[in-house]
Amino acid sequence: MGMGAGMILGGIDLVALAAMLMVASTPILLAATGELIAEKAGVLNLGVEGMMIMGAIGGFAGAVLSGSPEVGFVTGAISGALMALLFGFLTQVLLSNQVATGLALTLFGLGLSALIGKGFEGVRPPATGKIDLGALADLPVLGPILFRHDWVVYFSIALVVAVWLFLHLSRSGLILRAVGENHEAAHALGYRVVAVRLGALAFGGAAAGLGGAYLSLVRVPQWTEGMTAGAGWIALAIVVFGSWRAERVLLGAYLFGGVTVLQLRLQAAGYAIPVQLLSMAPYVITIVALVIISARHRHGAQAAPAALGRIFHASR
Amino acid sequence: MITLVARPAPSRFWAWATPVLAVLATMIAGGVLFAILGKDPVEAIRVIFWDPLFGANAGYFRGQLFIKAGPLILIAAGLAVGFRAGIWNIGAEGQYIVGALCGASVALAAYPAESVLVFPAMVLAGALGGWAWGMIPALLKTRFGASEILVSLMLVYVAQNLLAWAAFGPLKNPQGFGFPGSRNLQQYPSAHNADLVAGSGIHWGVMAGFAALIGTYVLMSRHIAGFRIQIAGDAPKAARFAGVAPARLVAFCLGLSGALAGLAGMFEVAGPSGQITDSFGAGYGFTAIIVAFLGRLNPIGILLAGLLMALTYIGGDMAQLMLQLPAAAIQVFQGMLLFFLLGLDLLTNYTVKWGWARA
């Protein structure tokens, strides 16, 4: 172990690893934060993967056509939100089964994005600039890890803080949680269950779309078919792992980002482990994390919103 | 103002009418999609839905229909049982891949010995492999309460990586000139799952699909286990009073659907596909979910839905060839079909009333 350009351990530069961690975690953090709000309102949207991939192509197309990555992030978020509203229309107005509809959203999104993306293969998107944080960026070790990223990385953290404040300190957050815990009671109190849920879904879709756009505009950066590769599903797992709490979702997303970056670095470092087996790691770790957290909650208070996934039909 | 009034019991008429309506609505919406892509919608619909059945080369395509429908039906038959109980195995794609890997491994281990025992051993290995892959989410669900939806789905990605590893590593053809992919089982008579009548497209996997439909029909309508599955889905609380053990039900449903998906993968790799390659998983496991829903989780429905989805695959390939319609358009088409079905299902469970409902 040496202390040259960075801290090197087993052929892996730890500072570069930690710096990549924040970038790798951002798409999933955004999607998971969005899904957290939807699930807090009592809706289980399994279509995160579909919304993310639509955000990836919507954002990519928007950025390439306009030449501005900012426009791309906006179109990505809109693409995700539109997908979420489609899900909302089916589940909240036409009262369809949420599990099946979420799956349909994912299958549909994967197909539609591939169709739209035909003309965008091999294109390079306009670069998303890094934020200049002056002296902070020059700090040894902490500088490259924390202060040399693009705005979306900081925005995603700000979003977690905002969601935490919203859920815990605002009146609207209280209403949202009430709808998610007991929709009949919330309805009886005069709150508009369907409207609240559609709003929560749209927010979740926009956040997932933003996460998808971050993948295609910054993380990769290019468009390839099916490029989300399960990131949306992992975001869903992270909401469970985070026990439906914003700060734990942040922790979960960063842990997951760490695993992803580590396995990528191990691939690059040329260890004698087959690439395909290393690529399994994020998914296996997600399963392990789900099992641990589910086992812990088994005998304690249920962490999931009580009305999660249940169909609401106001009979009067 | 429109109001919805819940029906006391789901309408039998609408339960069967909605899939038909959904198909029609999808054709219309698909036509609009094709028009946006600059293709003649009527022409595209004809190429996809009519020509493979009644066009010039229909004889060939009808065989293809069974080749595509076979795995879809086999997988969907198992999934439908779980869906009825409210147990969501959405990782059939992974179980399909692992079944194929296990079946092919047995064949490649036996190669080049010719014996009547090779094929039955492959069938067993395929079923066991799929079963084992399905039992992982089942065990994690019953032991730790982990969501079977997320675990089974995660295992699809694990299986896909396992497949790529096998194709480039242990199962690679030693005489393949360095190309990835296993030996072609079509050239190994003891392992080859050939058409039972040449050119018919009906191989052992298709027969297994039919058998699975009959088996699940008997299970669901004539057997106490089917009754338990039914009430577990409709009324979980009542099920517990009736002595239904949720853990055993989860294990049964995930194990059964896993085994059938594994079989489908094994029959595919030994037959139409022939070899393990990293692109072996073609999404049958996901399309089978659409088949199960479109078929109303009912054996006859699944048979029809499987044939219809097979038709969209074949017609889609033709449209790609003749009209340069992108392959992804068919995926969109299949997704839309599921949307329309789920949305229109409203009519099965509710009556739509115009005007203000009396409170």
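This is a predicted model: local features need pLDDT of at least 70, side-chain atom pairs count only at pLDDT 80 or more; totals for chains, interfaces and linings use all residues.
Of the 359 residues in chain B, 52% count as buried.

By secondary structure, chain B has 14 helices and 2 strands. Its radius of gyration is 21 Å, close to the 21 Å that the globule rule gives for 359 residues, so chain B is as compact as a globular protein of that length. Along the principal axes, the C-alpha atoms of chain B fill a box of roughly 75 × 55 × 35 Å. As for contacts in chain B between residues at least 6 apart in sequence, 80% of them join residues at least 24 apart.

Now one helix pair. In chain B, helix α7, residues 204-222, and helix α8, residues 224-234, have axes that come within 5 Å and cross at roughly 75°. That angle makes α7(B) roughly perpendicular to α8(B). Which residues make the contact? On α7(B) they are B:Leu219, B:Met220 and B:Ser221, and on α8(B) they are B:Ala225, B:Gly226, B:Ile229 and B:Gln230. Sorted by class, this contact has 4 nonpolar, 3 polar and no charged residues.

Last, the two chains together. Their contact takes 41 residues from chain A and 38 residues from chain B. On the chain A side, α4 (98-117), α10 (231-241) and α12 (275-298) each supply at least two residues. The largest share of that side, 13 residues, comes from α12(A). By class, the side of chain A that touches chain B has 27 nonpolar, 11 polar and 3 charged residues.

Conventions:
Residues are numbered from 1 along each chain as its sequence is written. Chains are lettered from A and ligands numbered from 1 in the order in which they are written. Axes are lines fitted to C-alpha atoms, for helices over the stretch in contact, and angles run from 0 to 180 degrees between N-to-C directions. Helices (H or I, at least four residues) and strands (E, at least two) are DSSP runs, numbered from the N terminus. Angles under 35 degrees count as roughly parallel, over 145 as roughly antiparallel, 65 to 115 as roughly perpendicular and the rest as oblique. Two residues are in contact if their C-beta atoms, placed from the backbone, lie within 7 Å. Ala, Val, Leu, Ile, Met, Phe, Trp, Tyr, Cys and Pro count as nonpolar, Asp, Glu, Lys and Arg as charged, and the others, Gly among them, as polar. The radius of gyration is taken over C-alpha atoms; the globule rule is 2.2 Å times the number of residues to the power 0.38. A residue is buried if 20 or more other C-beta atoms lie within 10 Å of its own, exposed if 12 or fewer, and partly exposed in between; C-beta atoms are placed from the backbone.
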